[in-house]
Amino acid sequence: MTRTRKPSQTIAVYKAEDLTVVNGANLGDPISFADELALDDMYELDKGARRLPLKIMANAGARFAIAPESTLGEPGAELYFDACLTLMSTNGQTTEMLTLVEVDDTGMVAAVYVMPLVAMKPRLAYSLVGIDRDVAQQRYAEMACVSFTRGTRITMASGAQRPVEDLQIGDRVLTRDDGARQLRWIGRSTTRAVGEFCPILIRAGTLNNANDLLVSPDHRLFIYQRSDTIGAGRAEILVRARHLVNGDSVTRQEGGFVEYVQLLFDTHQIIYAEGIAAETLLVDTRTRAALPDGIAERLVSAPEAHAGRAHLDFEIDESLVRDLDAATLLRRASLR
């Protein structure tokens, strides 16, 4: 079975006019794409600015478009990751930000959006100190690569539990859909645990897990509901870790550094981490830029091996769980 629709991803962005130059060459102008920016310009975030959900989807090649269900932007319009900007605030903190450009049917700029990788404060001055046109999509890809953290125990084909950092290429891991499968590639990275790279802690027992589980924020967990408590319309669902945060049993672990580990199989898989069914790395337009050159082409046998996996249709929209303690409800639903 293959997917009948393209998967979409929701990212939180500001409109360009929310961030304007308060001192510098472009005084009074909103932030824009790289060719129109000037280093050392100082920006401030409007006091009433709020991040809005922009739904995007991957097209052929390395291109993106605004998803049909997005309420922000023109559905179907092409979207480009233009640049990765580095800003320094007056309190000495650096902030990375991705600029995204929406274009119309004639190829003209229709809108510009910005996606800070860490939280920004209104009325605080930020000086533009870096413009990198080459790494914007790579930085987004690094965020999109679902990752386990050092110390997470993975269930092997033998039933043994092994720390993720001890896994090796060729090891056989237990998968939910295909039994024992060999690991084809392992990625490792260490990053500051802030903003979009801040891991999510799911405490022991929250989802019937024996031990704490710490994963990347967009990591999707596979949950079987005996009763459809949240109104998903089906028993089996995929839910992103960030959508389970409740400030108690599921929290953001911000501060310091985090060591992330990515696991790649021939096909996108659901495996078991600390007893929770969780996805492995999905190779698609979003994540390819984060992989070493040629890895995806050598290891993924066919496009449908990843993006075509049927269980990806089980993902629920954030709107279903936004005002709920979803972690508690899903735990109860899995036991009834």
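In which helix is the place of R139? R139 sits in helix α1, which covers residues 136–144, where helices (H or I, at least four residues) and strands (E, at least two) are DSSP runs numbered from the N terminus. The structure is a predicted model, in which local features need pLDDT of at least 70 and side-chain atom pairs count only at pLDDT 80 or more, while totals for chains, interfaces and linings use all residues. Residues are numbered from 1 along each chain as its sequence is written, and side-chain values use heavy atoms, with hydrogens and water left out.

The protein chain as a whole contains three helices and 23 strands. Its radius of gyration is 20 Å, close to the 20 Å that the globule rule gives for 336 residues, so the chain is as compact as a globular protein of that length; the radius is taken over C-alpha atoms, and the rule is 2.2 Å times the number of residues to the power 0.38. The C-alpha trace spans about 65 × 40 × 40 Å along its principal axes. Of the 336 residues, 51% count as buried, a term that stands for under 20% relative accessible area, with exposed meaning over 50% and partly exposed in between (1.4 Å probe, protein chains only). Among the contacts with a separation of 6 or more, 63% are accounted for by residues 24 or more positions apart, a contact being heavy atoms within 4.5 Å.

The accessible surface of the protein chain comes to about 15,100 Å², of which 47% belongs to carbon and sulfur atoms; such areas come from the Shrake-Rupley method with a 1.4 Å probe, and for residues only the protein chains shown count as cover. The chain carries 37 positive and 46 negative side chains, and the centres of the two sets lie 8 Å apart. In this count Lys and Arg are positive and Asp and Glu negative, whereas His and the chain ends are not counted, and the place of a charge is taken as NZ of Lys, CZ of Arg, CG of Asp or CD of Glu.

Residues up to four places away in sequence aside, R139 touches C84, E96, L98, L117 and F197. The structure holds zero disulfides, a disulfide being a pair of cysteine sulfur atoms within 2.5 Å. C84 is thus a cysteine in no disulfide, and the nearest cysteine sulfur, that of C145, is 16 Å away. C84 counts as buried at 3% relative accessibility, and C145, likewise in no disulfide, is buried with a relative accessible area of 6%.

A further buried residue, V321, has a relative accessible area of 2% and lies in the loop between α2 (295–299) and α3 (326–335). V321 and I230 are 91 residues apart in sequence, yet their C-alpha atoms are 7.2 Å apart in space. When residues up to four places away in sequence are not counted, V321 touches I230, H243, I316 and A326.
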